[in-house]
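I opened the notebook to look at pockets, surface and charge pairs. The entries are in the order I looked things up.

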Amino acid sequence: MDLFDTVFEVIDMRSFSNLWYWIALAVLWSSTSHWVLGVPHDMIQRGRREGGQAQTDVEDLVRINSGRLLTMVDRGAPVIVGLACFWLSALAVLGFYYKIEFAQAVFMLLGPMSVVVWLSVRTCRRIAAGENLGEPLYRRLLVHRRWTQSIGMVAVFVTAMYGMWTNVNISILN
């Protein structure tokens, strides 16, 4: 037995039957829906409810985080989009054409997250265009959170159905 066989036996590259994959999926989507543009949801609620310094903190965090994201996107958009499309395409081909389960599992994580990243950039552009203070900001953040949660629910459902289908169709003799 060589080193690669030992490593793959310990890691268990059959992702959909691995408990750690499902824990990672749950943590990914729960943290993504909790941190709206880098601001925790409880901080948004407190700022909306109390106003004053809590509201200023939320507005400052959103300004800083949306500015960072827009700067990254504006400076390197063609490179970022090109690399993202390359890796997602590579994962899709490896996973669904060549039937590599690990690539399928990673694609099921990263595919929906790419939609959330696009949505985040779109939301940051709207915030930078004027929805950056008070009630319009809170409304925009909550709409973004609801869309993120909806994408997450659909992604978890599709991943669970596909994972169960994959586990049922794989022979125990493999």
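The entries below cover pockets, then a surface patch, then salt bridges.

**Entry 1: the model**

I am working from a predicted model. I keep that in mind for each entry.

**Entry 2: the largest pocket**

I looked up the volume first. The largest pocket holds about 830 Å³ of space. Its lining takes in 30 residues. I noted the residues nearest the centre of the largest pocket: Leu-69, Ser-114, Val-117, Trp-118 and Val-121.

Next I asked which elements give two or more residues to the lining of the largest pocket. They are strand 1 (35-36), helix 4 (52-97), helix 5 (101-128) and helix 6 (134-169). Helix 4 gives the most, with 13 residues.

I then sorted the lining of the largest pocket by class. I found 21 nonpolar residues, eight polar ones and one charged one.

**Entry 3: the second largest pocket**

I moved on to the next pocket. The second largest pocket has a volume of about 160 Å³. I listed its lining: Lys-99, Glu-101, Gln-104, Tyr-162, Trp-165, Thr-166, Asn-169 and Ile-170. Helix 5 and helix 6 are the elements that give two or more residues to this lining. Helix 6 has the largest share, four residues. By class, I recorded three nonpolar, three polar and two charged residues for the second largest pocket.

**Entry 4: a nonpolar patch**

I turned to the surface. Val-93, Leu-94, Tyr-97, Tyr-98, Ile-100 and Phe-102 form a nonpolar patch there. Together they have about 620 Å² of accessible area. Helix 4 supplies the largest share of the nonpolar patch, three residues.

Tyr-97 sits in helix 4. Is Tyr-97 buried or exposed? Tyr-97 counts as exposed because its relative accessibility is 62%, and the cut-off for exposed is over 50%.

I also took one distance from Tyr-97. Tyr-97 and Leu-3 are 94 residues apart in sequence. In space they are 27 Å apart, C-alpha to C-alpha.

**Entry 5: salt bridges**

Side chains of opposite charge can pair when their charged atoms come close. I searched for such pairs. How many salt bridges does a search of the whole structure find? The search finds three.

Glu-135 with Arg-48: I read 2.4 Å between the closest N and O atoms of this salt bridge. The pair links distant parts of the chain. Glu-135 is in helix 6 and Arg-48 is in helix 3 (residues 41-50), 87 residues apart. Glu-135 is partly exposed, at 38% relative accessible area. Arg-48 also counts as partly exposed, at 36% relative accessibility.

Arg-125 with Asp-74: the closest N and O atoms of this salt bridge are 2.7 Å apart. Arg-125 lies in helix 5 and Asp-74 in helix 4, so this pair ties together parts that are 51 residues apart in sequence. I have Arg-125 down as partly exposed, at 39% relative accessibility.

Arg-63 with Asp-60: I read 3.8 Å between the closest N and O atoms of this salt bridge. Both residues lie in helix 4. They are three residues apart, about one turn of the helix. Arg-63 is exposed, with a relative accessible area of 53%. Asp-60 counts as partly exposed, at 31% relative accessibility.

Technical notes: Residues numbered from 1 in each chain as written. Predicted model: local features only at pLDDT ≥ 70, side-chain atom pairs only at ≥ 80, totals over all residues. Heavy atoms only, no water. 1 Å grid on protein atoms, 1.4 Å probe; cavity = no way out; pocket = protein on both sides within 12 Å on 5 of 7 lines; lining within 4 Å. Points joined across faces, edges and corners; volume = space filled by probe spheres on them. Nonpolar A, V, L, I, M, F, W, Y, C, P; charged D, E, K, R; others polar. Patch = residues over 30% accessible without salt bridge, like charges linked within 9 Å, V, L, I, M, F, W, Y side chains within 5 Å. Areas by Shrake-Rupley, 256 points an atom, 1.4 Å probe, with all protein chains shown as cover. Salt bridge = Lys/Arg side-chain N within 4 Å of Asp/Glu carboxyl O. Buried < 20%, exposed > 50% of the residue type's maximum accessible area, 1.4 Å probe, protein only.
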